[in-house]
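Subject: Structure handover

Hello,

Here is the structure I said I would pass on. My notes on what was found follow below.

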Amino acid sequence: MSTRDTDRDAVIKVARGATLFTPWALRAAVTLGLPDLVAGGVDDLADLARRSGADVGALRRLVRYLVLLEVFRAPAADRVELGELGAVLCSGHPAGLAKALDQREAFARRGDEAIASLPEAVRTGKSVWTGLFGRGFWDDLAADAVLGRSFDAAMAAHAATLGPEVARRYDWSGVRHVTDVGGGTGHVLAAVLTAHPGLTGTLVDLPATVGAADPVLRAAGVADRVTVAGGSFFEPLPGGTDVCLLANILHDWPDEDAVTILRRCRAAVVAGGQVVLVERVLDEVPAAGDDPGQFVASQRDLAMLLLLDAAERTEAQFARLGREAGLRPGGVVGLLPEQGLFLVCFDVG
Ligand SMILES: C[S@@+](CC[C@H](N)C(=O)[O-])C[C@H]1O[C@@H](n2cnc3c(N)ncnc32)[C@H](O)[C@@H]1O
(Lines give C-alpha, C1' and ligand atoms only; values in the text may rest on other atoms or scores of the structure.)
Protein backbone atom coordinates (compact mmCIF):
# COMPACT_ATOMS: atom_id res chain seq x y z
CA MET A 1 0.00 0.00 0.00
CA SER A 2 1.42 3.41 -0.93
CA THR A 3 1.77 6.21 1.61
CA ARG A 4 -1.00 8.03 -0.26
CA ASP A 5 -3.35 5.03 0.13
CA THR A 6 -2.53 4.71 3.83
CA ASP A 7 -3.11 8.40 4.31
CA ARG A 8 -6.41 8.25 2.42
CA ASP A 9 -7.56 5.33 4.60
CA ALA A 10 -6.60 7.28 7.72
CA VAL A 11 -8.54 10.33 6.50
CA ILE A 12 -11.63 8.20 5.81
CA LYS A 13 -11.36 6.48 9.19
CA VAL A 14 -10.95 9.73 11.13
CA ALA A 15 -13.70 11.49 9.17
CA ARG A 16 -16.12 8.59 9.79
CA GLY A 17 -15.25 8.54 13.48
CA ALA A 18 -15.62 12.30 13.77
CA THR A 19 -18.86 12.92 11.95
CA LEU A 20 -21.81 13.76 14.17
CA PHE A 21 -24.24 12.63 11.47
CA THR A 22 -24.02 8.98 12.50
CA PRO A 23 -24.94 9.47 16.19
CA TRP A 24 -27.61 12.01 15.29
CA ALA A 25 -29.12 9.93 12.48
CA LEU A 26 -29.49 7.06 14.99
CA ARG A 27 -31.07 9.45 17.49
CA ALA A 28 -33.42 10.86 14.85
CA ALA A 29 -34.49 7.33 13.87
CA VAL A 30 -35.28 6.32 17.44
CA THR A 31 -36.89 9.65 18.38
CA LEU A 32 -39.24 9.37 15.38
CA GLY A 33 -39.96 5.75 16.34
CA LEU A 34 -38.81 4.47 12.93
CA PRO A 35 -37.25 1.12 13.96
CA ASP A 36 -40.37 0.14 15.93
CA LEU A 37 -42.67 1.11 13.03
CA VAL A 38 -40.62 -0.79 10.45
CA ALA A 39 -40.31 -3.81 12.76
CA GLY A 40 -44.09 -3.66 13.10
CA GLY A 41 -44.50 -4.09 9.34
CA VAL A 42 -44.60 -0.52 7.96
CA ASP A 43 -42.57 -0.87 4.76
CA ASP A 44 -43.78 2.00 2.59
CA LEU A 45 -41.88 5.27 2.96
CA ALA A 46 -44.96 7.52 2.64
CA ASP A 47 -46.77 5.44 5.25
CA LEU A 48 -43.70 5.58 7.52
CA ALA A 49 -43.63 9.38 7.15
CA ARG A 50 -47.32 9.66 7.98
CA ARG A 51 -47.12 7.42 11.04
CA SER A 52 -43.95 9.03 12.41
CA GLY A 53 -45.10 12.59 11.72
CA ALA A 54 -42.17 13.23 9.37
CA ASP A 55 -41.82 15.07 6.09
CA VAL A 56 -41.63 12.38 3.42
CA GLY A 57 -38.85 14.01 1.40
CA ALA A 58 -36.68 14.60 4.46
CA LEU A 59 -37.39 11.11 5.75
CA ARG A 60 -36.26 9.62 2.43
CA ARG A 61 -32.90 11.36 2.95
CA LEU A 62 -32.56 10.13 6.53
CA VAL A 63 -33.47 6.59 5.50
CA ARG A 64 -30.80 6.70 2.77
CA TYR A 65 -28.15 7.36 5.44
CA LEU A 66 -29.60 4.72 7.76
CA VAL A 67 -29.40 2.18 4.93
CA LEU A 68 -25.66 2.93 4.67
CA LEU A 69 -25.45 2.28 8.43
CA GLU A 70 -27.30 -1.06 8.01
CA VAL A 71 -30.14 0.06 10.26
CA PHE A 72 -32.54 -0.32 7.31
CA ARG A 73 -32.51 -2.02 3.92
CA ALA A 74 -34.19 -0.61 0.82
CA PRO A 75 -35.46 -3.59 -1.21
CA ALA A 76 -36.87 -1.15 -3.81
CA ALA A 77 -37.38 2.61 -4.20
CA ASP A 78 -39.39 4.00 -1.27
CA ARG A 79 -39.54 0.58 0.39
CA VAL A 80 -37.89 0.00 3.73
CA GLU A 81 -37.24 -2.98 5.97
CA LEU A 82 -35.08 -3.57 9.04
CA GLY A 83 -31.39 -3.96 8.28
CA GLU A 84 -28.93 -6.08 10.18
CA LEU A 85 -28.57 -3.53 13.00
CA GLY A 86 -32.18 -2.32 13.10
CA ALA A 87 -33.49 -4.66 15.77
CA VAL A 88 -31.16 -3.32 18.49
CA LEU A 89 -32.70 0.14 18.02
CA CYS A 90 -36.23 -1.12 18.73
CA SER A 91 -37.70 -0.07 22.07
CA GLY A 92 -38.16 -3.64 23.32
CA HIS A 93 -34.55 -4.72 22.77
CA PRO A 94 -32.93 -5.83 26.06
CA ALA A 95 -29.78 -3.75 25.44
CA GLY A 96 -31.90 -0.64 26.14
CA LEU A 97 -30.10 1.44 23.49
CA ALA A 98 -33.29 3.09 22.23
CA LYS A 99 -33.95 4.73 25.58
CA ALA A 100 -30.42 6.11 25.70
CA LEU A 101 -30.78 7.72 22.25
CA ASP A 102 -34.40 8.88 22.33
CA GLN A 103 -34.47 12.69 22.43
CA ARG A 104 -37.94 12.60 24.00
CA GLU A 105 -36.11 11.41 27.15
CA ALA A 106 -34.99 14.33 29.31
CA PHE A 107 -31.95 12.45 30.61
CA ALA A 108 -30.77 11.46 27.12
CA ARG A 109 -31.09 15.08 25.93
CA ARG A 110 -29.04 16.49 28.80
CA GLY A 111 -26.37 13.80 28.56
CA ASP A 112 -25.97 14.47 24.83
CA GLU A 113 -25.76 18.21 25.42
CA ALA A 114 -23.04 17.73 28.03
CA ILE A 115 -20.78 15.82 25.59
CA ALA A 116 -20.23 18.98 23.54
CA SER A 117 -18.46 20.44 26.60
CA LEU A 118 -15.79 17.72 26.69
CA PRO A 119 -12.95 20.12 25.77
CA GLU A 120 -13.85 22.30 28.75
CA ALA A 121 -14.10 19.31 31.12
CA VAL A 122 -10.69 18.05 30.05
CA ARG A 123 -9.20 21.53 30.47
CA THR A 124 -10.61 21.98 33.98
CA GLY A 125 -10.85 18.34 35.14
CA LYS A 126 -14.35 19.17 36.41
CA SER A 127 -17.93 18.17 35.66
CA VAL A 128 -19.76 20.56 33.31
CA TRP A 129 -23.26 19.73 34.61
CA THR A 130 -23.67 22.64 37.06
CA GLY A 131 -22.36 25.16 34.54
CA LEU A 132 -24.78 23.93 31.88
CA PHE A 133 -27.90 23.23 33.91
CA GLY A 134 -27.58 25.35 37.05
CA ARG A 135 -27.45 22.49 39.60
CA GLY A 136 -25.17 19.55 40.37
CA PHE A 137 -26.16 16.20 38.82
CA TRP A 138 -27.95 14.56 41.79
CA ASP A 139 -29.56 17.85 42.88
CA ASP A 140 -30.83 18.29 39.32
CA LEU A 141 -32.41 14.82 39.29
CA ALA A 142 -33.99 15.46 42.70
CA ALA A 143 -35.36 18.88 41.70
CA ASP A 144 -36.73 17.91 38.29
CA ALA A 145 -39.20 15.03 38.53
CA VAL A 146 -39.34 14.47 34.76
CA LEU A 147 -35.55 14.28 34.55
CA GLY A 148 -35.39 12.02 37.64
CA ARG A 149 -37.93 9.59 36.18
CA SER A 150 -36.11 9.63 32.86
CA PHE A 151 -32.82 8.74 34.61
CA ASP A 152 -34.47 5.93 36.60
CA ALA A 153 -36.00 4.58 33.38
CA ALA A 154 -32.58 4.64 31.68
CA MET A 155 -31.12 2.65 34.58
CA ALA A 156 -34.04 0.20 34.48
CA ALA A 157 -33.53 -0.29 30.72
CA HIS A 158 -29.93 -1.42 31.16
CA ALA A 159 -30.89 -3.50 34.22
CA ALA A 160 -32.94 -5.75 31.94
CA THR A 161 -29.67 -7.24 30.68
CA LEU A 162 -27.67 -6.75 33.85
CA GLY A 163 -29.99 -8.32 36.44
CA PRO A 164 -30.15 -11.85 34.99
CA GLU A 165 -26.35 -11.86 34.52
CA VAL A 166 -25.77 -10.86 38.15
CA ALA A 167 -28.14 -13.66 39.15
CA ARG A 168 -26.22 -16.15 36.99
CA ARG A 169 -22.57 -15.17 37.40
CA TYR A 170 -22.26 -14.57 41.14
CA ASP A 171 -22.09 -17.62 43.40
CA TRP A 172 -25.25 -17.13 45.47
CA SER A 173 -24.94 -20.50 47.25
CA GLY A 174 -24.84 -19.93 51.01
CA VAL A 175 -26.28 -16.40 50.68
CA ARG A 176 -29.55 -15.85 52.50
CA HIS A 177 -29.96 -12.08 52.33
CA VAL A 178 -28.69 -9.51 49.84
CA THR A 179 -28.86 -5.72 50.16
CA ASP A 180 -28.88 -3.85 46.85
CA VAL A 181 -27.30 -0.52 47.76
CA GLY A 182 -28.28 2.23 45.32
CA GLY A 183 -30.48 -0.38 43.69
CA GLY A 184 -32.65 2.12 41.81
CA THR A 185 -36.22 0.96 41.31
CA GLY A 186 -35.30 -2.66 42.06
CA HIS A 187 -34.86 -4.27 38.64
CA VAL A 188 -31.52 -5.92 39.40
CA LEU A 189 -32.65 -7.14 42.83
CA ALA A 190 -35.89 -8.48 41.32
CA ALA A 191 -33.91 -10.50 38.75
CA VAL A 192 -31.62 -11.94 41.44
CA LEU A 193 -34.50 -12.94 43.72
CA THR A 194 -36.48 -14.39 40.81
CA ALA A 195 -33.56 -16.66 39.92
CA HIS A 196 -32.90 -17.61 43.58
CA PRO A 197 -36.21 -18.27 45.35
CA GLY A 198 -34.52 -18.91 48.73
CA LEU A 199 -33.07 -15.38 48.90
CA THR A 200 -34.51 -12.34 50.63
CA GLY A 201 -33.39 -8.79 49.92
CA THR A 202 -33.28 -5.16 51.00
CA LEU A 203 -33.47 -2.35 48.46
CA VAL A 204 -31.71 0.88 49.47
CA ASP A 205 -31.90 4.05 47.36
CA LEU A 206 -33.01 7.65 47.71
CA PRO A 207 -36.66 7.97 48.82
CA ALA A 208 -37.97 9.35 45.49
CA THR A 209 -36.40 6.43 43.62
CA VAL A 210 -37.46 3.56 45.90
CA GLY A 211 -40.92 5.16 45.93
CA ALA A 212 -41.32 3.76 42.41
CA ALA A 213 -40.03 0.26 43.26
CA ASP A 214 -43.22 -1.42 44.42
CA PRO A 215 -44.73 -2.08 40.95
CA VAL A 216 -41.37 -3.46 39.75
CA LEU A 217 -41.06 -5.85 42.70
CA ARG A 218 -44.73 -6.86 42.46
CA ALA A 219 -44.54 -7.51 38.73
CA ALA A 220 -41.58 -9.83 39.38
CA GLY A 221 -43.50 -11.58 42.17
CA VAL A 222 -40.77 -10.88 44.76
CA ALA A 223 -42.29 -7.98 46.76
CA ASP A 224 -42.95 -10.22 49.78
CA ARG A 225 -39.22 -11.05 50.00
CA VAL A 226 -37.96 -7.45 49.80
CA THR A 227 -37.65 -4.76 52.45
CA VAL A 228 -37.56 -1.31 50.89
CA ALA A 229 -35.40 1.22 52.73
CA GLY A 230 -35.43 4.80 51.42
CA GLY A 231 -32.28 6.62 52.53
CA SER A 232 -28.72 7.56 51.72
CA PHE A 233 -25.81 5.13 51.43
CA PHE A 234 -23.68 7.75 53.17
CA GLU A 235 -25.69 6.96 56.33
CA PRO A 236 -25.63 3.64 58.24
CA LEU A 237 -27.22 0.82 56.20
CA PRO A 238 -29.57 -1.90 57.48
CA GLY A 239 -27.26 -4.49 59.08
CA GLY A 240 -26.93 -8.28 59.20
CA THR A 241 -26.82 -8.91 55.46
CA ASP A 242 -24.70 -11.57 53.73
CA VAL A 243 -23.99 -9.53 50.61
CA CYS A 244 -24.05 -5.82 49.81
CA LEU A 245 -24.44 -5.39 46.06
CA LEU A 246 -23.37 -2.05 44.57
CA ALA A 247 -24.26 -1.99 40.88
CA ASN A 248 -22.92 1.03 39.00
CA ILE A 249 -22.52 3.04 42.19
CA LEU A 250 -18.84 3.67 42.90
CA HIS A 251 -18.23 5.06 39.40
CA ASP A 252 -20.58 7.93 40.33
CA TRP A 253 -18.32 9.09 43.16
CA PRO A 254 -14.80 10.39 43.72
CA ASP A 255 -12.45 8.21 45.82
CA GLU A 256 -13.19 9.73 49.22
CA ASP A 257 -16.96 9.26 48.85
CA ALA A 258 -16.49 5.79 47.36
CA VAL A 259 -14.51 4.72 50.45
CA THR A 260 -17.26 6.09 52.73
CA ILE A 261 -19.89 4.05 50.85
CA LEU A 262 -17.72 0.92 51.07
CA ARG A 263 -17.26 1.46 54.83
CA ARG A 264 -21.05 1.68 55.23
CA CYS A 265 -21.37 -1.60 53.35
CA ARG A 266 -18.64 -3.30 55.36
CA ALA A 267 -20.47 -2.36 58.57
CA ALA A 268 -23.73 -3.83 57.20
CA VAL A 269 -22.32 -7.22 56.11
CA VAL A 270 -21.90 -10.18 58.49
CA ALA A 271 -18.42 -11.72 58.97
CA GLY A 272 -17.72 -14.09 56.09
CA GLY A 273 -19.98 -12.11 53.75
CA GLN A 274 -19.04 -10.02 50.74
CA VAL A 275 -19.36 -6.56 49.25
CA VAL A 276 -19.90 -7.06 45.51
CA LEU A 277 -19.48 -4.29 42.97
CA VAL A 278 -20.85 -4.32 39.45
CA GLU A 279 -18.49 -1.97 37.67
CA ARG A 280 -16.70 -1.35 34.42
CA VAL A 281 -13.02 -2.20 34.79
CA LEU A 282 -10.52 -0.20 32.77
CA ASP A 283 -7.31 -1.81 31.49
CA GLU A 284 -4.27 -0.63 33.46
CA VAL A 285 -2.64 0.57 30.24
CA PRO A 286 -4.83 1.49 27.26
CA ALA A 287 -4.17 -0.23 23.95
CA ALA A 288 -5.59 0.37 20.48
CA GLY A 289 -7.88 -2.39 19.32
CA ASP A 290 -11.37 -3.63 18.99
CA ASP A 291 -12.18 -4.64 22.56
CA PRO A 292 -15.83 -3.49 22.84
CA GLY A 293 -15.69 -3.60 26.64
CA GLN A 294 -12.82 -1.14 26.80
CA PHE A 295 -14.59 1.17 24.35
CA VAL A 296 -17.68 1.29 26.56
CA ALA A 297 -15.63 1.56 29.76
CA SER A 298 -13.59 4.45 28.38
CA GLN A 299 -16.71 6.24 27.08
CA ARG A 300 -18.40 5.85 30.46
CA ASP A 301 -15.24 7.14 32.12
CA LEU A 302 -15.51 10.37 30.09
CA ALA A 303 -19.23 10.52 30.88
CA MET A 304 -18.48 10.29 34.61
CA LEU A 305 -16.07 13.22 34.25
CA LEU A 306 -18.68 15.30 32.40
CA LEU A 307 -21.58 14.48 34.68
CA LEU A 308 -20.19 13.90 38.14
CA ASP A 309 -16.48 14.62 38.74
CA ALA A 310 -16.24 10.84 39.03
CA ALA A 311 -14.53 8.02 37.12
CA GLU A 312 -14.43 4.40 35.99
CA ARG A 313 -11.50 2.55 37.57
CA THR A 314 -8.90 -0.15 37.06
CA GLU A 315 -8.81 -3.35 39.11
CA ALA A 316 -5.87 -1.98 41.13
CA GLN A 317 -7.80 1.21 41.90
CA PHE A 318 -10.80 -0.80 43.14
CA ALA A 319 -8.50 -2.93 45.31
CA ARG A 320 -7.01 0.21 46.85
CA LEU A 321 -10.45 1.67 47.65
CA GLY A 322 -11.49 -1.64 49.20
CA ARG A 323 -8.39 -1.85 51.39
CA GLU A 324 -8.94 1.75 52.56
CA ALA A 325 -12.44 0.72 53.62
CA GLY A 326 -11.11 -2.32 55.54
CA LEU A 327 -12.12 -4.89 52.90
CA ARG A 328 -10.03 -7.70 51.38
CA PRO A 329 -10.06 -8.18 47.59
CA GLY A 330 -12.14 -11.32 46.92
CA GLY A 331 -11.85 -11.84 43.17
CA VAL A 332 -13.04 -10.35 39.89
CA VAL A 333 -15.58 -12.22 37.73
CA GLY A 334 -16.55 -11.38 34.14
CA LEU A 335 -20.18 -10.26 33.92
CA LEU A 336 -20.82 -8.64 30.54
CA PRO A 337 -17.27 -8.29 29.18
CA GLU A 338 -18.54 -6.79 25.91
CA GLN A 339 -19.82 -3.88 28.02
CA GLY A 340 -16.67 -3.85 30.14
CA LEU A 341 -18.71 -4.99 33.18
CA PHE A 342 -17.29 -7.20 35.93
CA LEU A 343 -18.19 -8.33 39.44
CA VAL A 344 -15.51 -6.96 41.77
CA CYS A 345 -15.81 -8.83 45.07
CA PHE A 346 -14.48 -7.98 48.53
CA ASP A 347 -14.42 -10.21 51.61
CA VAL A 348 -15.68 -8.96 54.96
CA GLY A 349 -14.36 -10.14 58.32
C1 LIG B 1 -26.09 4.71 38.21
S2 LIG B 1 -27.53 4.43 39.16
C3 LIG B 1 -27.45 2.68 39.40
C4 LIG B 1 -28.78 2.07 39.72
C5 LIG B 1 -28.77 0.53 39.82
N6 LIG B 1 -27.87 0.05 40.84
C7 LIG B 1 -28.44 -0.09 38.48
O8 LIG B 1 -27.32 -0.57 38.28
O9 LIG B 1 -29.33 -0.09 37.60
C10 LIG B 1 -27.05 5.11 40.72
C11 LIG B 1 -28.11 5.01 41.79
O12 LIG B 1 -27.60 5.61 42.99
C13 LIG B 1 -28.68 6.26 43.63
N14 LIG B 1 -28.14 7.25 44.59
C15 LIG B 1 -27.51 8.43 44.33
N16 LIG B 1 -27.15 9.02 45.48
C17 LIG B 1 -27.55 8.19 46.48
C18 LIG B 1 -27.44 8.24 47.91
N19 LIG B 1 -26.82 9.26 48.52
N20 LIG B 1 -27.95 7.21 48.62
C21 LIG B 1 -28.57 6.16 48.01
N22 LIG B 1 -28.69 6.05 46.66
C23 LIG B 1 -28.19 7.06 45.92
C24 LIG B 1 -29.45 6.88 42.49
O25 LIG B 1 -30.76 7.22 42.87
C26 LIG B 1 -29.39 5.75 41.47
O27 LIG B 1 -30.49 4.88 41.59
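Is Arg-135 buried, partly exposed or exposed? Arg-135 counts as partly exposed, because its relative accessibility is 35%. Please keep in mind throughout that this is a predicted model.

Salt bridges

Asp-140 itself is buried, at a relative accessible area of 0%.

The structure holds 19 salt bridges. As a general point, side chains of opposite charge can pair when their charged atoms come close.

A second bridge joins the side chains of Asp-43 and Arg-79, at 3.2 Å from N to O. Asp-43 sits in the loop between helix 3 (34-39) and helix 4 (45-52), while Arg-79 is in the loop between strand 1 (72-73) and strand 2, so the pair ties together parts that are 36 residues apart in sequence. Asp-43 counts as partly exposed at 37% relative accessibility, and Arg-79 counts as partly exposed at 36%. Asp-44 also belongs here: Asp-43, Asp-44 and Arg-79 are linked in a network of salt bridges.

A further bridge is found between Glu-165 and Arg-169, whose closest N and O atoms are 3.2 Å apart. Both residues are in helix 11, and because they are four residues apart there, about one helical turn separates them. Glu-165 is buried, with 12% relative accessible area, whereas Arg-169 is partly exposed at 40%.

The ligand and its surroundings

Helix 11 (residues 145-169) also matters for the ligand notes: with four residues, it gives the most to the shell around the ligand. There are 20 residues around the ligand, and those that come nearest are Gly-182, Asp-205, Phe-233, Ala-247 and Asn-248. Sorted by class, the shell has ten nonpolar residues, eight polar ones and two charged ones.

- Asp-205: an N or O atom in its side chain is 2.6 Å from an oxygen atom of the ligand.
- Phe-233: a polar backbone atom of this residue is 2.9 Å from a nitrogen atom of the ligand.

On its own the ligand has 600 Å² of accessible area, and the protein covers 94% of that.

A nonpolar patch on the surface

Which residues form the nonpolar patch on the surface? They are Leu-85, Val-88 and Leu-97, and together they have about 220 Å² of accessible area. Val-88 is in the loop between strand 2 (81-82) and helix 6 (97-101). With a relative accessible area of 31%, Val-88 is partly exposed.

Backbone points

Glu-70 has a positive phi of about 70°, although it is not a glycine. Glu-70 is located in the loop between helix 5 (56-68) and strand 1, and at 41% relative accessibility it counts as partly exposed.

Asp-309 is not a glycine either, and its phi is positive at about 55°. This residue lies in the loop between helix 16 (292-308) and strand 8 (313-314). Asp-309 counts as partly exposed, with 38% relative accessibility.

Leu-308 lies in helix 16. Leu-308 counts as buried, at 12% relative accessibility. How far apart are the C-alpha atoms of Leu-308 and Gly-136? They are separated by 7.9 Å, and the two residues are 172 residues apart along the chain.

Regards

Conventions. Residues numbered from 1 in each chain as written. Predicted model: local features only at pLDDT ≥ 70, side-chain atom pairs only at ≥ 80, totals over all residues. Heavy atoms only, no water. Near = heavy atom within 4 Å. Polar contact = N/O pair within 3.5 Å; in protein donor to acceptor, adjacent residues only side chain to side chain. Areas by Shrake-Rupley, 256 points an atom, 1.4 Å probe, with all protein chains shown as cover. Helix = DSSP H or I, 4+ residues; strand = E, 2+ residues; numbered from the N terminus. Nonpolar A, V, L, I, M, F, W, Y, C, P; charged D, E, K, R; others polar. Patch = residues over 30% accessible without salt bridge, like charges linked within 9 Å, V, L, I, M, F, W, Y side chains within 5 Å. Salt bridge = Lys/Arg side-chain N within 4 Å of Asp/Glu carboxyl O. Buried < 20%, exposed > 50% of the residue type's maximum accessible area, 1.4 Å probe, protein only.
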